[in-house]
Amino acid sequence: MKLLTLSFLLMTGIFSVGSLKTVNAQVKYLNESKQDFDKRMQWFVNAKYGMFIHFGLYSQLGGEYQGKDIEGYAEWIQANADIQSQEYALLTHTWNPKKFNAKKIVRLAKEAGMKYLVVTTKHHEGFCLWDSPYTDFDIASTSMKGRDILKELADACKKEGIKFGTYYSIIDWHHSSQYRNPEGKKNADHWFQVAIRPEKKQEYIQYMKNQIKELIDNYDTDILWFDGDWVNWWDMESGQELYEYIRTLKPSIIINNRVAKREEFYRDFGTPEQEHPATGLDYYWEACYTMNNSWGYKKSDNDWKTPKDIENKLEEINKKGGNLLLNIGPDGNGIVPAQSVMILKEAGKHLKEKK
């Protein structure tokens, strides 16, 4: 997810509480009528509650680097500790989450009352949780080679009747098309506004399309959840074109608004982060929240929400017409923190009692 710094908030102006826009988002794509669009979104509307999973190379660091606790979101540690790509890539030599148990995680989601799941298949670091022929920076470059944890999750979701979703970052700090600090000066935002080499933009877009097609073909993903749309080089035209390409691959899929520019694009659903609107919105939406303060696993972060906090948040969001996507961050061994498990189970128990 995004690293929320004051400079970034001021620069974008898109995450101030209460500033969430209300618009008429019922536009046509691929000749889809409003009736067909509403039908496609119906399971999402009925779901109301989902699990977010942030998991990648950063998980093994737990928010620490070279003996220091690094401030900020754990999944942003490469940026926060200013780790160069070649050095960061060495983490593939030690990443071995052999205790990752997809069946157990999906059963936890079901016990909590969740109806869908979204996992970070490629975060901003560029590391892919599946064996992709389009990059060597993936699970096949680790000791987990030969194991397909995305298929394990997708299969477990199908067995338990839970919709399977995949997060994919538009930003890629590892890809040769992109580079930081274009002005040659270190500043607070040079990891946010990663630049792209103009002559490689189309090459990178094709790289994304190839990998997105893999996620659809290999895992039959029901949701594509994008992030990183704030970079200057990613424009509305590119986002809308990618949106329409994805719909040709799987017409029934649903896609979040960050595929384009989230402050202008509202199809298929909006994604307020760590906040939700004071009133309802006139388009489909989902609020995503952490259970503590970080998305990825962070050893020092023990500021947990209570089960009651989760129950109240879910109830309030649902009453306003939105969904809650609640995050867990497995550690470097692939284990979901015990506190996360307790919170989800306890909240789930109370939610069932209310029905």
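The buried residues of helix α8 are Met-236, Ser-238, Gly-239, Leu-242, Tyr-243, Ile-246 and Arg-247, where buried means under 20% relative accessible area, exposed over 50% and partly exposed in between, with a 1.4 Å probe and protein chains only. The structure is a predicted model, in which local features need pLDDT of at least 70 and side-chain atom pairs count only at pLDDT 80 or more, while totals for chains, interfaces and linings use all residues. Residues are numbered from 1 along each chain as its sequence is written, and side-chain values use heavy atoms, with hydrogens and water left out.

The cover over the buried residues of α8 includes α2 (34–47), α7 (201–219), β8 (223–227) and β9, a contact being heavy atoms within 4.5 Å. Helix α8 comprises 14 residues (236–249), which at 1.5 Å a residue should span 20 Å, and this agrees with the 20 Å between its end C-alpha atoms; the expected span is 1.5 Å times one less than the number of residues.

The protein as a whole has ten helices and eleven strands, these being DSSP runs numbered from the N terminus, with H or I over at least four residues for helices and E over at least two for strands. Of its 355 residues, 58% count as buried.

Seven of the strands form an open sheet with parallel pairing, in the order β9-β8-β5-β4-β1-β11-β10. The edge strands of this sheet are β9 and β10, each of which pairs on one side only; two strands pair if DSSP finds at least two bridges between them. Strand β1 (residues 49–53) is largely enclosed by the rest of the structure, because five of its five residues are buried. Tyr-49, Met-51 and Ile-53 point one way from β1, whereas Gly-50 and Phe-52 point the other way. In a regular strand the side chains alternate between the two faces of the sheet. On one side, β1 pairs with β11 in the parallel sense over five bridges, with Tyr-49 opposite Leu-324; β1 is also joined by four bridges to the parallel strand β4 (residues 116–122), where Met-51 stands opposite Leu-117. Strand β11 (residues 323–328) is in turn joined to β10 by four bridges, again in parallel, and Glu-286 stands opposite Asn-323.

Helices α5 (residues 102–112) and α10 (residues 338–354) pack at an angle of about 35 degrees, with their axes 7 Å apart; axes are lines fitted to C-alpha atoms, for helices over the stretch in contact, and angles run from 0 to 180 degrees between N-to-C directions. Leu-108, Glu-111 and Ala-112 of α5 meet Val-341, Leu-344, Lys-345, Gly-348, Leu-351 and Lys-352 of α10.

The loop between β9 (254–255) and β10 (286–289) holds Asn-256 and also Asn-257. Asn-256 is buried, with a relative accessible area of 0%, and its side chain reaches the backbone nitrogen of Phe-226 at 2.7 Å. Asn-257, at 4% relative accessibility, likewise counts as buried. The side chain of Asn-257 makes a polar contact with that of Thr-271 at 2.8 Å, a polar contact being a pair of N or O atoms within 3.5 Å of which, within protein, one must be able to donate a hydrogen and the other to accept it, and residues adjacent in sequence count only if both atoms are side-chain atoms. The C-alpha atoms of Asn-257 and Thr-271, 14 residues apart along the chain, are separated by 7.0 Å.
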